[in-house]
Amino acid sequence: MNLHEYQARDILRRHGIPVPPGEVATTADEARAIAARLGGRVVVKAQVHAGGRGKAGGVKLAANADEAAAHAAKILGMTIKGLTVSRVLVAPAADIASESYVGIIVDRTSQRPVLMVSAAGGIDIEEVAAKTPEKIHRLAVDPRYGLLAHQALGLALKLYGDIAQARAAAEIMQRLYAAFYAVGASLAEINPLVTTREGAVAALDAKIVIDDNELDRRPEIAALRDTSAEAPSEVAAREAGLTFVKLEGTVGCCVNGAGLAMATMDLVKYYGGEPANFLDIGGSSNPQKVVSALRIITADQSVRAILFNIFGGITRGDDVANGIVQATRSLPLKVPLVIRLTGTNEELGVQILKQAGFSALTDMDEAVKQAVAQVKAA
Amino acid sequence: MSIFIDQQTRLVVQGITGRDGSFHTRQMIGYGTKVVAGVTPGKGGRLFDGVAPVFDTVADAVSETQANTSVIYVPAAVAASAIFEAADAGILLIVCITEGIPVLDMTRVLPYLHERGARLIGPNCPGLISPAKSKVGIIPGNICRPGRVGVVSRSGTLTYEIVHQLSTQGLGQSTCVGIGGDPLIGTNFIHCLSAFQADPETDAVVMIGEIGGTDEQQAADFVQQAMTKPVIGFIAGQTAPPGRRMGHAGAIISGSSGTAAEKMAAFARAGIAVMKRPADVVPLLKERL
């Protein structure tokens, strides 16, 4: 789950990291009032889960409160990468002397949290990693002991020549590491970490991504979810207990298991079609899930055919067949349905489907070919 | 032979009285797995299905029954704790089926296991099966046949699909291992490939990977340097968009890294025959056996 910048800033602040003031506005008038309170020049920043906000015109400098209101009026309601902006952050325009980058991820190879720092801050860190990897310094932290003081200072000295600033940055890194574990993050970054003209070190912008598996035990973090910032079909899928990712094609896919779901999408492409979505109904064969899945798939106007690919293991073929029959009764389909059903209780499942007027195939390639052919005939 | 599990496997089931645990325990017993004990705190003293005594702790189960392998079906909130407990009781092979364990929990679990020399398979995996010998986890026994092909996979149902193709076309399996779909797992492709290479009853290996991470690329290097047995590879997620998690927590292309194209190219460079679709598995294997 992605947090907004303002939410990430709050978390850092609560962990004792210096963050410049700033507040969130949902209207131009609120933005004006915040800018007036802060005084002086401010920056108005769109709060959306998308990179490249600046390039899209979602970040603007304002000389005074009226200008801040004017910018907020333009940014609120703006669409950035398909997401509508409903909040802006209004913060003082910092007078910056230097910018660097500090981030933490969990590295899959070392299986440890890895701290990454770079003096090349303020810009896209993935670009730095791709073009000039030598500018990024990395340290794998032993989670049993955490980020030790000398380790943090060693990294901070790669960023700052001044020992007082290095000590301040090292303190910030240790606090960021603590926050990373405290909120259950899979990514936490400060970009940029700045020094002001007065020499203070502060976190100007922050990004935190929460591991979805942490949300059950951290209701206070789960409550930060902003569903207005997500695609409605994906919100509906999550609420129904399904994993769904919308794609651009025309063959709607409904599969049990993530690997098989990906392989099904790939096979659609192999036979000349384009998948409309990734959808894993999971191990359960609860008919209600099948109903929700069909509702989400059919809400996509570009879907021209629906393909079920079920390999019954623990999932029973007859349960899924009953689900499909019930679902199509309550939700009449306007596009052809191709069903592949094999594995546990396959014969029973096929029989249930036949009685309801559906046919079912047992071979995956054959089913995918038919679904693609249906789309081409439509 | 086979890898990791066989007739010597003495299994303790953690979460044996739960909905999933009890269902799958019956399946495992039915398959012939030696289920010697179960653990559910507070339910010690019972007998599960007249077969397996239930204990309050894994330590009690081990000292009473000499269990040497554990399988975990407990909910995600307590699964990391269950892995710690199994390792502490001296279990050296721990199979964790549970999906949804926070990654940061795993950063603490894995060093603990390393220190004790314990192997973890999973989490978020279907377990493993050595056909006609033992099954630990949830892989349906009826789709497997005993034979000489090793299978290792990050997926569940996709593995069933490919194993089904093998079995129905006369190619049995020595062991099928589901290593799990999470970003941090206890046993990776290289561990399994190396065990299959050493297993005299395995002639070839099918490796089923997916987008996300670099485990397949490292496995490809290993195949090139250390394996003499033929390896066939598949990568799921050729049509997956970058930056989106495709069901499995570990199945995500970050930036431009972890794509199917990159992994398939690494396979091809290492001399691994690359399947374009699941149905290619048998023809490709038969070419190489």
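Visitor: Which residue stands opposite Leu120(B) in S7(B)?
Guide: That's Ile94(B), which stands opposite Leu120(B). Before we go on, this is a predicted model, where local features need pLDDT of at least 70, side-chain atom pairs count only at pLDDT 80 or more, and totals for chains, interfaces and linings use all residues. Residues are numbered from 1 along each chain as its sequence is written, while chains are lettered from A and ligands numbered from 1 in the order in which they are written.

Visitor: In what sense do S6 and S7 of chain B pair?
Guide: Strand S6 (residues 93-96) of chain B and S7(B) pair in the parallel sense, over three bridges. Two strands pair if DSSP finds at least two bridges between them. Strands are DSSP runs of E with at least two residues, helices are runs of H or I with at least four, and both are numbered from the N terminus.

Visitor: What's the strand order in that sheet?
Guide: The order is S3-S4-S2-S1-S5-S6-S7 in chain B, an open sheet of seven strands with mixed pairing. S3 (47-48) and S7 (119-121) of chain B each have a single partner strand, so one side of each is left without a neighbour in the sheet.

Visitor: Which strands does H1 of chain B lie across?
Guide: Helix H1 (residues 19-31) of chain B lies across S1 (10-14), S2 (34-39) and S3 of chain B, and runs at about 165° to S2(B). Angles run from 0 to 180 degrees between N-to-C directions, and axes are lines fitted to C-alpha atoms, for helices over the stretch in contact.

Visitor: Switching to H3 and H4 of chain B, at what angle do they cross?
Guide: Roughly 10°, and the axes of H3(B) and H4(B) come within 10 Å. That makes H3(B) roughly parallel to H4(B), a label for angles under 35 degrees; over 145 counts as roughly antiparallel, 65 to 115 as roughly perpendicular and the rest as oblique.

Visitor: Which residues meet there?
Guide: From H3(B), Ala80(B), Ile83(B), Phe84(B) and Ala87(B) meet Asp105(B), Val109(B), Tyr112(B), Leu113(B) and Arg116(B) of H4(B). By class, that contact has seven nonpolar, no polar and two charged residues. Ala, Val, Leu, Ile, Met, Phe, Trp, Tyr, Cys and Pro count as nonpolar, Asp, Glu, Lys and Arg as charged, and the others, Gly among them, as polar.

Visitor: How many residues does each chain give to the contact between A and B?
Guide: Chain B gives 43 residues and chain A gives 43 residues. Two residues are in contact if their C-beta atoms, placed from the backbone, lie within 7 Å. On the side of chain B that touches chain A, H4(B) provides the largest share, six residues. That side has 22 nonpolar, 14 polar and seven charged residues.

Visitor: Now chain A. Which residues of H12 are buried?
Guide: In H12 (residues 346-355) of chain A, they are Gly349(A), Val350(A), Ile352(A) and Leu353(A). Buried means 20 or more other C-beta atoms within 10 Å of the residue's own, exposed means 12 or fewer, and partly exposed is in between, with C-beta atoms placed from the backbone. Down the axis of H12(A), the buried residues fall within an arc of 160°, so they line one face of the helix. The arc is that of the directions from the helix axis to the C-beta atoms.

Visitor: What's on the face turned away from the buried side?
Guide: Exposed residues Glu347(A), Lys354(A) and Gln355(A) sit on that face of H12(A).

Visitor: And what covers the buried residues?
Guide: The cover includes helix H11 (317-330), strand S17 (337-343) and strand S18 (360-361) of chain A.
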